[in-house]
Amino acid sequence: MPETNKTSISNLKDNVGAEVTLQGWLYRGRKSGKVLFLVVRDGTGLCQCVVEKGAIPDEVFEELKRLGAESSLTVTGTVRVEERSVGGFELAVTGAKIVSPAIDYPITPKAHGVDFLLKHRHLHLRSQRQWCIGKIRHTVIDAIRRFFNDNGFTLTDTPILTAMVGEDKQSLFEVDYFGTPIHLTQTGQLHVEAAAMSYGKVYCFGPTFRAEKSKTRRHLTEFWMVEPEVAYIDLDGLLELAENFVSFIVAQVLEQNKSQLETLSVDIDALEKIKPPFYRLTYSEAVEILTGEKTKEFMAGELTELQSRKAEIENRISELEEQQKGQLKQWQKDKNAAELSELQNELTEVDTKIQNNPKHAELAAEFRWGKDLGGSDETIISRMHDKPIFVTHYPKETKAFYMKADRKNEKVVLNFDLLAPKGFGEIIGGSAREDDFDLLAARIEAQGLEAEDYQWYLDLRRYGSVPHGGFGLGVERTVAWITGEKHIRQCIAFPRMMDKVYI
Ligand code: 4AD
Ligand code: MG
């Protein structure tokens, strides 16, 4: 078989009418009469390859008919436009070669539990959903670097092994460093502040680690964070930087990943709205909203919506279960089974939300000034908005030692969290930094941190201190928000979570 004109599925559009060879894997196949429909993936997309009996040698046809999912193969054929087909093109096959057959690929179209899929993450990465999320993550990371590189920021890599407590003492991963206990970094911020005094505008970008004892959908123990830091900036300047930055990331994804967003059924119109200015609320205003009538009504409305969604799901489940009892083609059975499993998952989620709704409504109503906003409080505020929301000026006692006290109201700090809309919650945390030597030294002491370890950090206030600030954006949370993925563990190839490290 000639293997001339090797191409990728992403390049089929430039090869209509030509004979090309694709190198990939069998995503799924089905037979209909004397025709085989093989959906092939090659890392750049999916393409339906149509094999008519007689178009290739009989023995190859027979082999292809029995070929298991994820077998590797090369397929040669003529490219034609086919709007109904995945990707918009088809291959009329003239030749095929099996490179290595896969027998009994463990992941099948039928239902698999989360645990099973995480144990098979090395294979699950090949699935459409994971592939799309990974492509979008790639764009997000590329956009992050591009934004800062094009806006005069200098990249400074900060250490992963450190003696500094960057955020809080409770979530440190200890490391035995030649007999001295140190830990994995929680943030590059303290070091990147030093770099800001050299370059003015800097950023660090790397993995960060938190031994957070929470198994929520928003927490990983290892996650990627980008942290810009700027000399001579105030809180308003930081908010402006953050909204331009996040809008740029979203615009890049819209430009480069439309088809992946469509495959993931993302609400593209909603993403198109992500443009400056974002909403701005102070913490005190957020407390007023949470404890007011608006939240009460909002929560009641949400409960009604959840209950009607529950009824819808239950109806569809009984409809499908009824169908499954009848005579169906195998592929239809598999398709129904996959839909059933998705519906069952959604039902569990909706049930949890129905159960939590009154609890969360009560927590919100009883919220008192001085507490940190909890996950459910953030979710409520975030659900009420269609664009990201800055929440600023939190009570000093709830926040990290380095945040600058508001000189007009010493009870609060000049900080912000950025909440992604529609319930996703916090994707950025940032602040102006305490630039006064005495105030900072007092905060370090008050928080029981080792004064000795922080002397170099205090030097930044001893020698030419300036107002400065920055923020950290979590990559996985941002990808989860943009892709509509509920759990951030799906937004990194090999997630690390509190209860388990799978592979
Ligand atoms: O709000 P955080 O803790 O802020 C800092 O670390 C600051 N030092 C950043 C700075 O000002 N330079 O974390 C920042 C972001 C969060 O908004 C969230 O997106 C992400 O990091 N993040 C996590 N992502 C996944 N799993 C976790 N356990 C996370 N903890 C924080
Ligand atoms: Mg935070």
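Directly after helix α5, G200 adopts a positive phi of about 90 degrees. This helix belongs to a predicted model and spans residues 189–199. Its buried residues are Q189, L190, V192, E193, A195 and A196. An α-helix has 3.6 residues a turn, so residues three or four places apart point the same way.

Several elements contribute to the cover over the buried residues of α5. Among them are the strands β10 (201–209), β11 and β18, together with the helix α14 (455–462).

## The chain as a whole

The protein chain contains 15 helices and 18 strands. Its C-alpha atoms fill a box of roughly 85 × 50 × 45 Å, taken along the principal axes. The chain has 503 residues, of which 49% count as buried.

Among the contacts in the protein chain with a separation of 6 or more, 68% are made by residues 24 or more positions apart.

## The shell around ligand 1

Ligand 1 is surrounded by 24 residues, and the closest are E167, Q189, E212, E227 and E426. Q189 is also one of the buried residues of α5.

The largest share, 5 residues, comes from β17. Two of these strands, β11 and β18, are also among the elements that cover the buried residues of α5.

An N or O atom in the side chain of Q189 is 2.7 Å from a nitrogen atom of ligand 1. For R210, a polar side-chain atom lies 2.8 Å from an oxygen atom of ligand 1. In the case of G474, a backbone N or O atom is placed 3.2 Å from an oxygen atom of ligand 1. Taken alone, ligand 1 exposes 620 Å², and the protein buries 94% of that area.

Strands of a sheet pair through backbone hydrogen bonds, either parallel or antiparallel. In this model, 3 strands form an open sheet in the order β7-β9-β8, with antiparallel pairing. The strands β7 (161–162) and β8 (174–177) stand at the edges with a single partner strand each, so one side of each has no neighbour in the sheet.

Strand β9 covers residues 180–184 and is joined to β8 by 4 bridges, the two strands running antiparallel. Within this pair, D176 stands opposite P181 in β9.

## L414 between two strands

Where does L414 lie? This residue is in the loop between β15 (409–413) and β16 (415–420). L414 is buried, because its relative accessible area of 16% falls under the 20% limit for burial.

Leaving aside residues up to four places away in sequence, L414 touches L235, H393, K404, A405, D406, S431 and A432. M403 is 11 residues from L414 in sequence, and their C-alpha atoms are 6.7 Å apart in space.

Definitions and conventions. Residues are numbered from 1 along each chain as its sequence is written. Chains are lettered from A and ligands numbered from 1 in the order in which they are written. This is a predicted model: local features need pLDDT of at least 70, side-chain atom pairs count only at pLDDT 80 or more; totals for chains, interfaces and linings use all residues. Side-chain values use heavy atoms; hydrogens and water are left out. Two strands pair if DSSP finds at least two bridges between them. A residue is near a molecule or strand if one of its heavy atoms lies within 4 Å of it. A polar contact is a pair of N or O atoms within 3.5 Å; within protein, one must be able to donate a hydrogen and the other to accept it, and residues adjacent in sequence count only if both atoms are side-chain atoms. Accessible areas come from the Shrake-Rupley method with a 1.4 Å probe; for residues, only the protein chains shown count as cover. Buried means under 20% relative accessible area, exposed over 50%, partly exposed in between (1.4 Å probe, protein chains only). Contact means heavy atoms within 4.5 Å.
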